[in-house]
Amino acid sequence: MTEILECSICLKRFTNPHTLPCQHTFCKKCLDSHSKRKKSNACPVCKASIDFTFLKPDLRIKEFVDFTNSVKCNESTNLSSCSICEDDIDSSEVYLCKDCQEVICPDCRILHGKKSKTKTHIVYSLMAKPLSYCSEHNRKCEYYCDELPCKLLPCPKCALLHPGDHKKQAIEERKNIFIEEISKKFIDLAEKIEELTSYINFFKNHKAEIEEQIHEIELTAKERRDFIIKKANQIYEKEKFKISLFNLALIRKIDDNVEKLKVLKEDMGGLLKYSQESLSKKSFHDFLEISKKFDRVVPSEDELGINVVDIASIETELDWSSTCTEISTI
């Protein structure tokens, strides 16, 4: 419990405590030294920007520090029980009666406010700065200042000292304005959420459309690939068949040439034998017969009729240009 009475800078009990608008409390001396040392106007805890020229003492904390000092509280003192019912108190629900100078629990606080002798007493929450009471004059606040750097709830005494160019409003009136402003913000927020939802749905649908288009492109590419492979196989088989037919015709020509040469070889062999026999007789008549047979049996190159295979003629016969044209149209 005692940690709520300690300054976060010096780690000692508060001396002249000042509470910042961010609700963090420090010793005034510690705040000044921290501001000079760090050359910053930020809260030492949450780093919120603070205008130190408008700070005021927190009498609520000061009075409680004075109270604990008056009853000689120290670090070992148990402040977690109610001074009235002596029950344990949750550290988040601790109250101090300024007039009685007692720590009380939530239930006793309610009874404290109903008794005729104590219903006018001022009771503070030790865990949260009470916005319904002025910390300087200990009076109930009736006004709200919406101007910077104030943003506070001045009591009637504070209202007399409040800057004249600042517009102050009654709390109930300002509360209705708050409700109206928050309601508009709720509507705007709901519209923004609806707009974001529509964007999310749009992008989801767009994603689905893109995925579907990509799937269709993949199917088309696969079909195109299969068609090209099929067409290429057909062209290959067609050319293969054409080559096989040409090969058969070519082989047949070569075989015919071989047969002709065999026959011619036999005839020329017989002529050679006859010539040798005739020469041995040395008859003019025989020489004349041999000469005639030579002219008849031994043909010229043109008369042989041998078809020599020409590679260039093979390409012409196969006509590759038509095949290339067919491939380019795939």
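Phenylalanine 202 is partly exposed, at 48% relative accessibility. Its partner in an edge-to-face aromatic pair is phenylalanine 203. The model is predicted.

**Aromatic pair**

- The structure holds one aromatic pair.
- Phenylalanine 202 and phenylalanine 203 form this pair, with ring centres 5.3 Å apart and planes at 70°.
- That angle counts as edge-to-face, because the label applies to planes over 60 degrees apart.
- Phenylalanine 203 is exposed, with a relative accessible area of 52%.

**Salt bridges**

- The count comes to five salt bridges.
- Side chains of opposite charge can pair when their charged atoms come close.
- Lysine 28 and aspartate 32 form one of them, at 2.9 Å from N to O.
- These two residues are four apart in helix 1 (residues 28-38), so about one helical turn separates them.
- Lysine 28 is partly exposed at 24% relative accessible area, and aspartate 32 is partly exposed at 31%.
- Aspartate 226 and lysine 222 also meet in a salt bridge, at 3.4 Å from N to O.
- Both lie in helix 5 (residues 171-281), four residues apart, about one turn of the helix.
- Aspartate 226 is partly exposed at 31%, as is lysine 222 at 44%.
- Lysine 242 pairs with glutamate 239, with the closest N and O atoms 3.6 Å apart.
- Lysine 242 and glutamate 239 are three residues apart in helix 5, again about one turn.
- An α-helix has 3.6 residues a turn, so residues three or four places apart point the same way.
- Lysine 242 is partly exposed at 25% relative accessible area, whereas glutamate 239 is buried at 6%.
- Shared partners join Lys222, Arg225 and Asp226 into one network of salt bridges.

- Cys30, Leu31, His34 and Ser35 are buried in helix 1.
- These residues cover an arc of only 130° around the axis, so they sit on the same side of helix 1.
- Lys29, Lys36 and Arg37 are exposed on the other side of helix 1.
- The buried residues of helix 1 pack against strand 1 (17-19) and strand 2 (25-27).
- Just after helix 1, lysine 39 takes a positive phi of about 55°.

**Cysteines**

- A search of the whole structure finds zero disulfides.
- Cysteine 82 is in no disulfide, and its nearest cysteine sulfur, that of cysteine 108, is 3.6 Å away.
- Cysteine 82 is buried, with a relative accessible area of 2%.
- Cysteine 100 is in no disulfide either, with the sulfur of cysteine 97 as its nearest cysteine sulfur, 3.5 Å away.
- The pairs do not count because a disulfide needs sulfur atoms within 2.5 Å, and the distances are 3.6 Å for cysteine 82 and 3.5 Å for cysteine 100.
- Cysteine 100 is partly exposed at 27% relative accessibility.

Note on methods:
Residues numbered from 1 in each chain as written. Predicted model: local features only at pLDDT ≥ 70, side-chain atom pairs only at ≥ 80, totals over all residues. Heavy atoms only, no water. Salt bridge = Lys/Arg side-chain N within 4 Å of Asp/Glu carboxyl O. Buried < 20%, exposed > 50% of the residue type's maximum accessible area, 1.4 Å probe, protein only. Arc of directions from axis to C-beta. Contact = heavy atoms within 4.5 Å. Phe/Tyr/Trp six-rings, centres within 6.5 Å; stacked < 30°, edge-to-face > 60°.
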